[in-house]
Amino acid sequence: MNLEYFFSLFLGGLTRGSIYALIALGYTMVYGIIKLINFAHGEIYMIGAFTALIIGAALAMTGLNPILIFVLACLAAIIYSAAYGVTIEKLAYRPLRKAPRLSVLISAIGMSIFLQNYVLLAQTSDFLPFPNLLPEMKILDPISHLMTTSQFLILVSTAVVMILLTILIKFTRMGKAMRATAQDTDMAKLVGINVDRVISLTFLIGSATAALGGVLISSHIGQINFYIGFIAGIKAFVAAVLGGIGSIPGAVLGSFVLGLTESFGTGYISSDYEDAFAFIILIVILIFKPSGLLGRKENEKV
Amino acid sequence: MKKILVLLLISFVTFGAFATGQGEGGTIKIGVAGAHSGDLASYGIPSIKAAELVVDMYNAKGGVLGKQIELVIEDDVCKPEVATNTAAKLVGEEVVAVIGHICSGATKAALGIYKDENIITISPSATNPPLTKSGDYPNFLRTIAPDDAQADVEVTFAVDKMGFKKIAVLHDKGDYGKGFAEFCKAQLETRSGVEVVLYEGIQVGAVDYSAIINKVGNSGAEAVIFGGYHPEASKLISQMKKKNMDIAFLSDDGVKDPTFIKVAGEYSEGVYATGPVDTSSNPMAVKAVEDHKAKYGEEPGAFFLNAYAATIAVLNAIDKAGTTEYEAVSAALRSEYVETPLGKISFDANGDAIGVGFAVYQVQNGVYVELK
């Protein structure tokens with residue numbers, strides 16, 4: 001048993017899991033509150049990456065410090081994508097608030113395809129190089145380059161986002177309002193919660209974390225195109241369902257389970273079946289625990 | 001009111017029929033099919049430009065058989081399921097020959113349709129060997145050497161010239177990439193003292209490739225041979241280089257594309273890739289490239305010369321056959337040698353071009369350089 005190999009697969013799995021987690025948060029929060037699978041969410045991640053690329057390229061001409069450029073590009077991506085998220089909700093989901101769930105779902109799929117094609121036309125269909133702005137610091141170097149700076153950054157940012165989000169939801173007034181809305185929208189309205197604002201905020205937070213994921217992974221692998229949101233979005237959605245959709249810790253757990261499964265599956269069995277592993281895990285868990293790992297059984301309101 | 005509407009509709013349909021009827025015989029239609037959008041568009045678009053340049057040249061001289069040539073351009077996005085629609089559309093347009101398709105998978109899907117309609121199909125880039133060697137598609141020809149020839153060049157280079165003993169073979173699970181990888185693996189296994197330490201397909205579009213790269217590192221490979229296209233290749237090579245892995249990277253003509261260098265940037269330095277032999281000093285090739293620059297204001301892209309040669313071969317065969325009849329044109333393609341930017345070529349009984357081959361290139365200072 002080669003320990004170093006095991007460890008690098010483990011870190012690779014964590015990195016991948018972190019990216020899934022940053023996207024899955026948006027799926028699970030939106031589902032928790034308005035019971036909608038926001039299929040346009042993967043595209044928000046892709047738009048975040050493109051925004052960072054464009055802002056980064058513009059800032060690079062000013063000759064700023066690369067790390068500062070990276071931070072500014074990240075911020076720009078987060079703000080821009082959050083605005084996109086809120087706008088999508090206003091345009092495509094709010095008018096359908098009282099419509100059957102299926103209509104909203106179709107609206108979401110439509111939004112996803114629209115955004116993909118919009119970026120395709122506005123930008124290009126080619127893969128674009130994403131500049132490597134982070135210096136290599138050789139973290140954990142004694143054991144031969146186990147981790148790159150970008151990997152380290154992905155893990156740390158995910159942890160920070162998780163902690164901030166937990167604080168927001170558990171300990172603030174807004175968090176309380178979110179939990180109340182998730183439990184019963186009508187009742188929340190009756191006690192004076194501005195439900196529309198809560199929903200907008202949910203989209204804002206979810207989009208912001210997805211955009212962060214998009215920027216981080218693009219700088220990690222060094223390239224983007226208009227299609228990256230689709231596959232990452234599907235995987236993150238699987239992770240959210242795996243952990244129990246609607247549950248925030250569940251989404252994180254599901255993402256890490258998925259990331260590690262893929263990484264170890266590839267490392268010890270074969271990458272031929274990478275996607276197969278992910279979906280077998282999903283099927284097995286859903287057979288034995290239909291609500292997902294940390295999901296609650298939901299009682300239909302009568 | 002309704003009756004008038006119905007009448008109007010009927011008359012439109014009838015006029016429509018007359019309109020197409022009159023169109024026939026006016027021009028000779030040649031289809032151009034391939035990936036014209038999507039992430040592999042950089043392989044398909046040069047073919048359109050090549051066909052346009054050749055057709056402009058012929059049309060300026062009065063066309064072929066006294067008729068002007070018209071191009072019908074259809075996109076297949078390099079997807080087999082789209083390619084069948086593309087093929088059906090071209091059949092509907094009554095083209096006499098098709099330049100394309102670009103990707104082997106899409107080509108294979110479309111070929112059955114062309115075969116039923118007796119339409120000559122010449123691909124500038126579909127290198128999957130069974131397309132010609134299986135004998136299933138007598139209407140198919142190509143102006144590029146097949147993958148087994150390419151795998152032969154690749155393995156000879158890796159083993160005999162570079163002396164690699166432990167080689168990992170990866171592919172993208174696609175018709176083209178996997179086919180190439182399988183040929184390399186088979187070739188490597190016949191060499192004594194050479195070991196294929198890893199043979200696997202990677203998940204195209206995966207969020208990252210760190211797991212498979214760790215696996216390559218762990219396998220003790222001295223070199224990686226990758227079968228597939230440039231988007232995956234650039235991700236693989238940049239992640240390998242970021243991890244400071246000192247493993248040679250060899251790939252195919254799907255990677256021998258300037259876009260690969262553009263995307264992989266500094267990480268592409270030193271990468272080997274096989275590709276069609278450089279014929280850029282051929283006078284016809286020089287002229288074709290100059291015409292391209294004059295008309296489109298840029299350097300031509302991948303498979304431009306192959307598509308140029310394919311278009312010339314078809315038009316020449318129609319001219320020599322004196323008709324657009326399938327049998328006659330098909331025979332002319334196989335019997336008449338024609339001057340093209342790839343040199344003087346003809347086609348063998350299978351449909352492979354005689355006189356084209358592969359060479360090994362390496363990225364040096366941001367450009368592919370042919371290794372002699």
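I began with Asn244(B), which is found in the loop between α9 and β9 (248-251) of chain B. I read its phi as near 60°, a positive value in a residue other than glycine. The model is predicted, so I log this as a feature of the model.

Next I went to Phe303(B). Its place is in the loop between α11 (283-296) and α12 of chain B. Phi of Phe303(B) is also positive, near 60°, and the residue is not a glycine.

Then I looked up peptide bonds. Gly100(B) and His101(B) are joined by a cis peptide bond, with omega about -10°. I placed His101(B) in the loop between β3 and α4 (104-116) of chain B. Why log these entries? Most residues other than glycine have a negative phi, and most peptide bonds are trans.

**Parallel sheet, chain B**

I traced the strand order next. An open sheet of 5 strands in chain B runs β2-β1-β3-β4-β5, with parallel pairing. I checked the edges: β2 (68-75) and β5 (140-142) of chain B each have a single partner strand, so one side of each lacks a neighbour in the sheet. Neighbouring strands of this sheet are turned against each other by 25° on average, direction ignored.

I then took one pair inside the sheet. β1 (residues 27-34) and β3 (residues 97-99) of chain B pair in the parallel sense over 3 bridges. Which residue of β3(B) is the bridge partner of Val32(B)? I found Ile99(B) there.

Helix α13 (residues 326-335) of chain B lies across β4 (120-123) and β5 of chain B. I noted that α13 runs at about 35° to β4(B).

**Antiparallel sheet, chain B**

I found 3 strands of chain B in an open sheet, ordered β11-β12-β13, with antiparallel pairing. The edge strands are β11 (338-340) and β13 (353-354) of chain B, and each pairs on one side only. β12 (residues 343-347) of chain B is joined to β13(B) by 2 bridges, the two running antiparallel. Opposite Phe347(B) I found Ala353(B) in β13(B).

I looked for a helix here as well. Helix α12 (residues 304-321) of chain B lies across β11 and β12 of chain B. The angle to β11(B) is about 155°.

**Interface of chain B and chain A**

I counted contacts between the chains: 32 residues of chain B are in contact with 37 residues of chain A. About 3,000 Å² is buried between the two chains, with carbon and sulfur atoms giving 49%.

How many residue pairs are in polar contact across the interface? The rule finds 17, both residues being at pLDDT 80 or more. I listed the elements of chain B that each supply at least two residues of its side touching chain A: α2 (41-60), β7 (195-201), α8 (210-218), α9 (230-242) and α10 (258-264). By class, this side of chain B has 10 nonpolar, 13 polar and 9 charged residues.

Between chain B and chain A the count is 1. Arg16(A) forms a salt bridge with Asp208(B), the closest N and O atoms being 3.1 Å apart. Arg16(A) lies in helix α1 (residues 3-34) of chain A and Asp208(B) in the loop between β7 and α8 of chain B, so this pair joins two chains.

How values were computed
Residues are numbered from 1 along each chain as its sequence is written. Chains are lettered from A and ligands numbered from 1 in the order in which they are written. This is a predicted model: local features need pLDDT of at least 70, side-chain atom pairs count only at pLDDT 80 or more; totals for chains, interfaces and linings use all residues. Side-chain values use heavy atoms; hydrogens and water are left out. Two strands pair if DSSP finds at least two bridges between them. Helices (H or I, at least four residues) and strands (E, at least two) are DSSP runs, numbered from the N terminus. Axes are lines fitted to C-alpha atoms, for helices over the stretch in contact, and angles run from 0 to 180 degrees between N-to-C directions. Contact means heavy atoms within 4.5 Å. Buried area is the accessible area (1.4 Å probe) that two parts lose on being put together, summed over both. A salt bridge is a side-chain nitrogen of Lys or Arg within 4 Å of a carboxyl oxygen of Asp or Glu. A polar contact is a pair of N or O atoms within 3.5 Å; within protein, one must be able to donate a hydrogen and the other to accept it, and residues adjacent in sequence count only if both atoms are side-chain atoms. Ala, Val, Leu, Ile, Met, Phe, Trp, Tyr, Cys and Pro count as nonpolar, Asp, Glu, Lys and Arg as charged, and the others, Gly among them, as polar.
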